[in-house]
Amino acid sequence: MLFETIDIPQLNKTIKTPIGLFVDGQFIPSSDGGKIDTFNPTTGERITSFYAGTVEDVNAAVQIAKDVYTYTWSMQPMKDRRDLLLKLARLLERDKEILAMLDSIDAGKPYHTNALADLDQVITLTNYYAGAVGKYTNGEVIPVNSDKFCYTLREPYGVVALIVPWNYPLAMACWKMQGALAAGNTIVIKPSENTSLSLLYFGQLVMEAGFPKGVVNIIPGVGNIVGEALAKHMDVNKISFTGSTTVGCKMLQYSGLSNMKEVCLECGGKSPAVVFKDADVNNAVAWTANGIFYNSGQNCTANSRIYVHENIYDEFLEKFKEYAKSHYSFADFNIFNPDCTLGPVISKIQYDRIMKYIKSSDGKKDILYSIPSKTETTGFFIPPVIFTDVPEESLLLQEEIFGPVVVITKFCHYSEVVKMANNSRYGLAAAVFTEGVRRGHRFARDVHAGTVWINSSNDEEISAPFGGFKMSGIGRELGRYGVESYMQTKTVHMSMAPHH
Ligand code: NAD
């Protein structure tokens with residue numbers, strides 16, 4: 001069986017969804033018939049199982065993507081790519097609720113306050129990249145002398161492989177796919193083993209939109225089988241990975257061990273938010289609370305370290321706790337309740353990992369409401385947790401916890417807080433709150449991060465580049481970079497002089 005029906009009793013809906021690999025425009029079983037169970041983090045129960053790809057499946061998919069690129073896709077007019085992406089955007093709009101429901105049950109995302117917002121972004125982004133087709137492809141002409149000039153061409157890589165995580169299952173995939181398609185590549189993509197359902201459903205929409213078979217191929221499966229085979233494949237010319245820094249480092253090794261493929265990495269973070277004494281405190285509280293508790297803290301850019309000037313520290317802390325208590329609710333552990341703003345974390349493994357940090361004795365902790373007992377819920381719900389007075393070398397301030405856990409620290413001087421903000425191996429993002437124009441821009445200059453928000457936090461824009469400094473990554477996504485990074489530059493030398 002290559003399709004399963006999934007019931008969403010809370011919304012009185014049943015979804016028919018594919019569970020096979022999506023290769024050459026159709027759903028197929030894996031070559032060895034192996035499957036992976038996928039679980040609902042809200043209950044801990046199994047939802048269904050889907051086929052898990054093998055190395056043989058990866059090889060077959062890459063070969064198909066290569067052939068389609070060579071014989072069909074690379075010759076298709078750009079206008080066709082644009083029209084296909086526009087059609088895809090309309091289909092995503094049509095099936096928005098279904099895709100949001102799949103991400104809700106598979107990733108534990110509150111349906112109304114989180115999963116639907118992901119889909120809104122995916123639709124906007126698909127339209128955006130339809131409009132980007134042909135826009136960033138222009139090369140340049142370089143005059144050399146009267147007998148010679150050079151020009152450059154921007155060409156797609158051919159087959160690109162994409163590997164994505166579970167925290168924004170469809171959105172993270174689309175951040176990569178739409179730009180890669182707009183640039184003219186063919187794709188083999190691997191979703192996370194925790195959350196493959198929405199991307200497989202998406203495969204159906206790709207076919208319905210009319211993309212040639214084999215332009216998009218989806219191989220779910222285990223990271224060190226499917227992911228590794230893609231990253232080491234000799235016919236994959238670029239790999240774009242979003243996930244942990246540990247696995248990101250492996251991507252660079254895989255590239256070096258195979259064909260030196262171009263690598264784009266979007267990895268972990270430990271982003272600081274700094275609140276100066278002239279900040280609008282209510283504004284800073286709202287942005288930073290959302291910046292850590294939205295998506296249960298499972299955000300690469302989560303502002304998990306907040307530094308507050310000593311003059312406003314007590315006021316900030318009190319208001320922060322009040323805000324978190326009044327805005328973040330499990331709503332009886334029902335992620336389909338419109339009042340639910342705090343879902344479970346993804347899995348038992350992550351739950352146990354986060355609880356270990358919560359048990360830390362570094363500093364003081366405030367668990368905002370009690371940790372649910374197993375009789376209350378079998379899901380992986382963790383309440384907001386605030387640590388204070390934590391020593392700088394504590395793991396709480398150094399490691400990416402990826403849960404609703406924040407450390408709030410007092411500071412006194414500008415130079416001191418810049419040093420603390422930069423004391424991390426990560427450099428994904430940072431936020432600063434101040435009403436002083438010069439202070440805000442000075443901090444943006446001084447902080448080591450790929451994205452800086454002045455007076456907001458975690459409000460990405462799909463038209464602006466996104467990516468990390470230091471061990472948060474290499475390369476950029478979104479905006480024009482989301483297309484340009486899927487093209488390589490060819491230089492053509494035009495000589496008019498005879499050889500002497
Ligand atoms: P992960 O690194 O465990 O897995 C990411 C993907 O890599 C999954 O599809 C997984 O199957 C695959 N994978 C695992 N081992 C592999 C291997 N040896 N070879 C090839 N592929 C392999 O990350 P995760 O737990 O799914 O996601 C959470 C992490 O993602 C966090 O660190 C978070 O910060 C990061 N993230 C970063 C961004 C960003 O844009 N910078 C966005 C979202 C998430």
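**Close-ups of a predicted model**

At 34% relative accessibility, M494 counts as partly exposed, since that label covers everything between buried (under 20% relative accessible area) and exposed (over 50%), using a 1.4 Å probe and protein chains only. This is a predicted model, where local features need pLDDT of at least 70, side-chain atom pairs count only at pLDDT 80 or more, and totals for chains, interfaces and linings use all residues. Residues are numbered from 1 along each chain as its sequence is written, and side-chain values use heavy atoms, leaving out hydrogens and water.

View 1. M494 sits in strand β24, residues 487-495 (strands are DSSP E runs of at least two residues and helices are H or I runs of at least four, numbered from the N terminus).

**View 2. S271 in its loop.** Here's S271, in the loop between β13 (262-266) and β14 (272-275). At 3% relative accessibility, S271 counts as buried. Its side chain reaches the backbone oxygen of A429 at 3.1 Å. Leaving aside residues up to four places away in sequence, S271 touches residues including C300, N303, R305 and L428 (contact means heavy atoms within 4.5 Å).

**View 3. Helix α9 and what it packs on.** Buried residues of α9 include V281, A284, I292 and F293. The buried residues of this helix pack against β14, β15 (305-309), α10 (313-327), β17 (385-388), β18 (405-411) and β20 (429-433).

**View 4. The ends of α9.** At the start, a side-chain oxygen of D280 comes to within 3.2 Å of the backbone nitrogen of N282. After α9 comes N295, with a positive phi near 60°.

Notes. Polar contact = N/O pair within 3.5 Å; in protein donor to acceptor, adjacent residues only side chain to side chain.
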